[in-house]
Amino acid sequence: MNASPEAAYNIPPAPGQRVDDPASFAGIVIEGVSKNFGSKMVLDKTDLLIPKGETLVVIGRSGEGKSVLLKSIVRLLESDEGRIWIEGTLINELSRSRLMELRKMFGFLFQGAALFDSMTVCENVGLMPKEHSGWSEERIYARACECLAMVGLENAETKLPSELSGGMKKRAGLARAIVMEPEYILYDEPTTGLDPITGDAINELIVKLQKSLGVTSIVVTHDMASAFKIADRIAMLSRGRIVFTGTVDEVKNTDHPMVRQFIEGNAHGPLGAF
Ligand SMILES: Nc1ncnc2c1ncn2[C@@H]1O[C@H](COP(=O)(O)OP(=O)(O)OP(=O)(O)O)[C@@H](O)[C@H]1O
Ligand SMILES: [Mg+2]
């Protein structure tokens, strides 16, 4: 095996990530999606299938484009080429209003939590239903409290984000992601920065949402303990492409050099060190 970073460019994309008829696929189809920032190529004709009901964990080194991939799914970032279908709807051409409608199916936990500083934690969590649901004030408040309790923040409702620790902000962001009972949840680093016990409680919540509500989840993480606990399938993003997908057992047992280097945290291998 040639272990130079250049050799990694020759590693082919993972097979089986395309379907003949994306418009009838139950779930999300990402087909040939590319994204560049100036001269920097981040996603390079990325293909990925996420069947409905699955928890897919996306791993990859820092800066590989995992957050860009998540944002592209709901067009928070516009792809330069390629197509994305969500339950048969091609999202690339959707009007603004239809896109907003479709986004109601999604909860998004942003990597930096992205709370509004001037609003209390409860107001942050209740913002989406306030603007998009038509629910009464009482119902919004009750649901926000319920979601805060699910993430262990029952006593933080009236606090401002600036009064929270980093881990508490992350959990408030998670409460906000689940408040509208979405069918799909996109989690960007849900356990990073949390202590192991809180992180494990978040893992259990992710599994519970999948098992009890049938939520489809895409979880970006570097935390392999979390990945092994929650994933139905793990996909590795490297140099703009999904280079590997497999179940937890397949990941643990693979000899794919990039996956091995990543899960072993080895500074030497096809991914390079920096
Ligand atoms: N809005 C943007 N404008 C310019 N460049 C961007 C933008 N968003 C992301 N990038 C660049 O795209 C690349 C991928 O970024 P991304 O945030 O997706 O990485 P990541 O895999 O999520 O990394 P990490 O694990 O550190 O969160 C980086 O080089 C980043 O600088
Ligand atoms: Mg990221």
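The model is predicted: local features need pLDDT of at least 70, side-chain atom pairs count only at pLDDT 80 or more, and totals for chains, interfaces and linings use all residues. Residues are numbered from 1 along each chain as its sequence is written, while chains are lettered from A and ligands numbered from 1 in the order in which they are written.

**View 1. Strand 7 and its two partners.** Helices (H or I, at least four residues) and strands (E, at least two) are DSSP runs, numbered from the N terminus. Tyr184, Leu186 and Asp188 point one way from strand 7. Ile185 and Tyr187 point the other way. In a regular strand the side chains alternate between the two faces of the sheet. Strand 6 and strand 7 run parallel, joined by 4 bridges. Gly107 has Ile185 of strand 7 as its bridge partner. Strand 7 also pairs with strand 8, in the parallel sense, over 5 bridges. Here Tyr184 stands opposite Thr216.

View 2. Two strands pair if DSSP finds at least two bridges between them. An open sheet of 6 strands has the order 6-7-8-3-9-10, with mixed pairing. Strand 6 (106-109) and strand 10 (241-246) each have a single partner strand, so one side of each is left without a neighbour in the sheet. The twist averages 15 degrees from one strand to the next. Strand 3 (residues 55-59) pairs with strand 8 (residues 216-220) in the parallel sense, over 4 bridges. Leu56 stands opposite Ile218. Helix 7 (residues 196-213) packs on the sheet, touching strand 3, strand 7 (184-188) and strand 8. The direction of helix 7 makes about 160 degrees with that of strand 8. Axes are lines fitted to C-alpha atoms, for helices over the stretch in contact, and angles run from 0 to 180 degrees between N-to-C directions. Contact between two residues requires C-beta atoms, placed from the backbone, within 7 Å.

View 3. Strand 4 (residues 81-86) is joined to strand 5 by 2 bridges. Ile86 has Thr89 as its bridge partner.

**View 4. The shell around ligand 1.** Residues surrounding ligand 1 include Phe37, Lys40, Val42, Lys66, Ser67, Val68 and Gln111. Each has its C-beta atom, placed from the backbone, within 6 Å of the molecule. Strand 2 and helix 2 (66-73) each give two or more residues to this shell. Helix 2 gives the largest share, 3 residues.

**View 5. Two loop residues with positive phi.** Most residues other than glycine have a negative phi. Glu181 has a phi near 50 degrees. It lies in the loop between helix 6 and strand 7. Glu181 is partly exposed, with 13 other C-beta atoms within 10 Å. Arg239 has a positive phi of about 50 degrees. Its place is the loop between strand 9 (233-238) and strand 10. Arg239 counts as partly exposed, with 19 C-beta neighbours inside 10 Å.

How values were computed
A residue is buried if 20 or more other C-beta atoms lie within 10 Å of its own, exposed if 12 or fewer, and partly exposed in between; C-beta atoms are placed from the backbone.
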